[in-house]
Amino acid sequence: MGSIGASLDLFSGFYNTINGKLTTTEKTRHGINPANGKPNPEVPVSTPKDVDDAVAAAKEAFKSWSKTSNEERKKAVLAFADALERYESDFGKLLTQEQGKPLQFAVGEIKAGVHWLRSLSKLELKEETIEEDEEKRVVVRHTPLGVTVGIVPWNFPVQLAVGKIAPSVLTGNPIIIKPSPFTPYCDLKLGELAQQYFPPGVVQVLSGDDNLGPWLTAHPGPDKISFTGSTVTGKKVMESAAKTLKRVTLELGGKDPAIITKNINIDAVAQKIGALAFANSGQVCLAIKRIYVHESIHDKFRDAIVAFTKTLKVGDGTEEGVTHGPLQNSMQYEKVKTFFSDIEKEKWTVAVGGKNEDKPGYFITPTIIDKPADDSRIATEEPFGPIVPLLTWSDEDDVIARANNTKLGLGASVWSDDLDEATRIARQLDAGSVWVNTHLELDPNAPFGGHKESGIGYEWGIGGLKAFTNIQTLYLKKKTSA
Ligand code: NAD
C-alpha cells in the first residue's frame with residue numbers, strides 16, 4: 001500500500017485509490033511507451049473485490065457528499081484544479097511517456113483539464129419554481145444520482161477524466177474512474193492527487209485489464225456510466241447497463257466532414273484543415289476525417305495541404321520540434337496500417353505520405369488519399385490515425401447529403417468567407433458540434449455530444465451537469481384544506 005503525502009511523485013508508485021487509500025493488487029501489468037516500445041511502470045490489475053470495495057466506499061461517501069453545499073463541492077474542485085496546475089509540467093511528461101503526444105500538446109491537455117475543472121465549477125443547478133399561486137408552488141430540482149463510473153479512452157486520458165470527475169462531484173455524486181489499460185498512469189495519479197481534496201470514496205480510480213469495464217457496467221452498485229470510447233464498445237456498455245437501468249452517457253466515434261467552399265483563402269484553410277485532420281496523429285474523436293473541397297479549387301487546395309503536410313515532423317514526443325507523436329498502441333497501429341495496405345489493393349491515389357518507415361515505435365506518416373470513391377473504406381470508416389480522404393463536390397445539396405450519409409454524427413464544419421453560405425450549409429449538417437471556419441474548438445460551457453451512433457446524451461455545460469442528476473418535481477399544496 002502506498003501513502004498519501006503532501007507532494008506527488010508522478011513517475012513511480014502507481015496505485016488504485018479506494019476509500020481514500022492507495023492500494024495495489026497481487027497481479028500487476030504495465031503499459032508501453034509508444035515512441036520506443038519500452039515498458040512503463042507496473043500498475044494494478046483490479047479484481048472483482050476491488051470493484052466491490054470501491055463501489056461500497058462510494059456508496060458510503062454518497063451519504064455525506066450528496067448533502068454538502070454547492071460551495072463546498074466547488075471549493076474542493078477548485079483546489080484540485082490548482083493542484084493539477086502546480087503539477088502540469090510533470091503530468092505533461094508522464095502523459096507523453098504513456099500516450100505519445102508531443103510534450104507541448106501533453107502540457108496543453110493538462111491545462112485544458114484545469115480549465116475544464118474551473119469552468120464547470122462556475123455552473124450551478126438551481127431549483128426552479130415553475131408555478132406559484134396562493135394555493136400551490138411547483139418546484140423542479142435536480143438531485144444527485146448516486147455512484148457514477150467514468151470510463152475513459154486512451155487518446156485524451158486526462159482531459160476526458162476530469163471532464164467526468166467535475167460534473168459528477170459538483171452535482172453530489174462520487175465517481176469511480178476507469179482509465180484505458182493502454183493509458184492508466186496519469187489517471188491513477190489524478191486519483192492520488194484528488195485524495196488531498198475530496199473525502200474518502202468521492203474520487204476513486206481503478207486500473208485493470210479488459211475485464212474491469214464490463215465488471216463496472218454490470219455491477220448493481222453504480223447508478224450511472226459516463227462512457228467515452230468507440231461506438232462498438234458503447235453499444236456493449238449500454239447493453240450491460242440496461243440490465244440494472246443505469247443511466248448512460250455515451251460519447252462515441254466520429255467521421256467528421258469538413259465542407260470547403262470555393263470562397264476561401266486557400267493557403268490559410270489548407271493549413272488549418274491539415275492541422276485539424278492530423279491533430280494528435282489523427283487520434284481525436286473530432287478530427288476532420290473527410291475533406292470535401294469544391295471541385296473548382298481542388299488542385300490548388302490539394303497542393304497547399306500537401307505542402308503543409310510535408311512540414312509536419314513525426315517522432316518521439318520528447319524531441320524538440322516534433323509535431324506528431326506515434327499512435328498510442330500496437331492494436332491501433334496495426335488497424336491504421338490496414339488502410340495503408342489498401343492503397344495498392346484499391347488503387348487509391350496518394351497525394352502525400354502513403355509509406356511508413358520500418359522503425360521502433362508506432363509511427364505513421366500523415367497521409368492524404370486523393371479522390372477515393374465515396375463508398376471506399378477510407379471515406380466511410382474511422383481510421384483513428386493520420387490518414388484522411390480528400391473528396392470533391394460541386395452541388396451544395398449533394399455535398400450536404402454526402403456529408404450526412406453516415407451512421408455517425410459527432411462533428412462537422414463548413415469553410416467559407418461568405419458567412420451566409422457557410423451558415424446555410426452548417427444548419428443542415430447532422431452532428432452534435434458544427435463549426436464555421438474552424439473545427440474541434442470546444443467550450444466547457446457548451447454541451448458536447450453526438451448524433452446518431454456517435455452517442456447518447458451529452459457532457460459539459462449546464463445540461464451536462466443535469467445528466468449527473470435525477471429530476472424531481474415537488475408539488476407543494478400550501479394548505480391541507482385547500
Ligand atoms: P474503446 O471503446 O476501445 O475503449 C474505451 C474505454 O472502454 C477503455 O477504457 C476500455 O478499457 C473500455 N472498455 C472496453 N471494452 C469495454 C466493455 N465491454 N465494457 C466497458 N468498458 C469497456 O475506445 P478507444 O479505442 O479507447 O478510443 C477510441 C474511440 O473513442 C474512437 O472511436 C473515438 O472516436 C472515440 N472517442 C470518442 C470521444 C467522444 O467524446 N465522443 C472522445 C475520444 C474518443
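Predicted model: local features only at pLDDT ≥ 70, side-chain atom pairs only at ≥ 80, totals over all residues.
View 1. The side chain of K178 places an N or O atom 2.9 Å from an oxygen atom of the ligand, while a polar backbone atom of L252 is found 2.7 Å from a nitrogen atom of the ligand. On its own the ligand has 850 Å² of accessible area, and the protein covers 89% of this area.

**View 2. Residues of the shell around the ligand.** There are 27 residues around the ligand, and those that come nearest are V152, S230, T233, L252 and E382. By residue class, the shell consists of 15 nonpolar, nine polar and three charged residues. At least two residues of this shell are supplied by each of helix 7 (212–218), strand 10 (224–228) and helix 8 (231–242).

View 3. The ligand takes up the space of the largest pocket in the model. Because residues of the shell come both from domain 1 (16–252 + 454–473) and from domain 2 (256–436), the ligand lies between these two domains.

How values were computed. Residues numbered from 1 in each chain as written. Heavy atoms only, no water. Near = heavy atom within 4 Å. Polar contact = N/O pair within 3.5 Å; in protein donor to acceptor, adjacent residues only side chain to side chain. Areas by Shrake-Rupley, 256 points an atom, 1.4 Å probe, with all protein chains shown as cover. 1 Å grid on protein atoms, 1.4 Å probe; cavity = no way out; pocket = protein on both sides within 12 Å on 5 of 7 lines; lining within 4 Å. Sits in = over half its atoms within 2 Å of the grid points. Helix = DSSP H or I, 4+ residues; strand = E, 2+ residues; numbered from the N terminus. Nonpolar A, V, L, I, M, F, W, Y, C, P; charged D, E, K, R; others polar. Domains from an automatic or database assignment.
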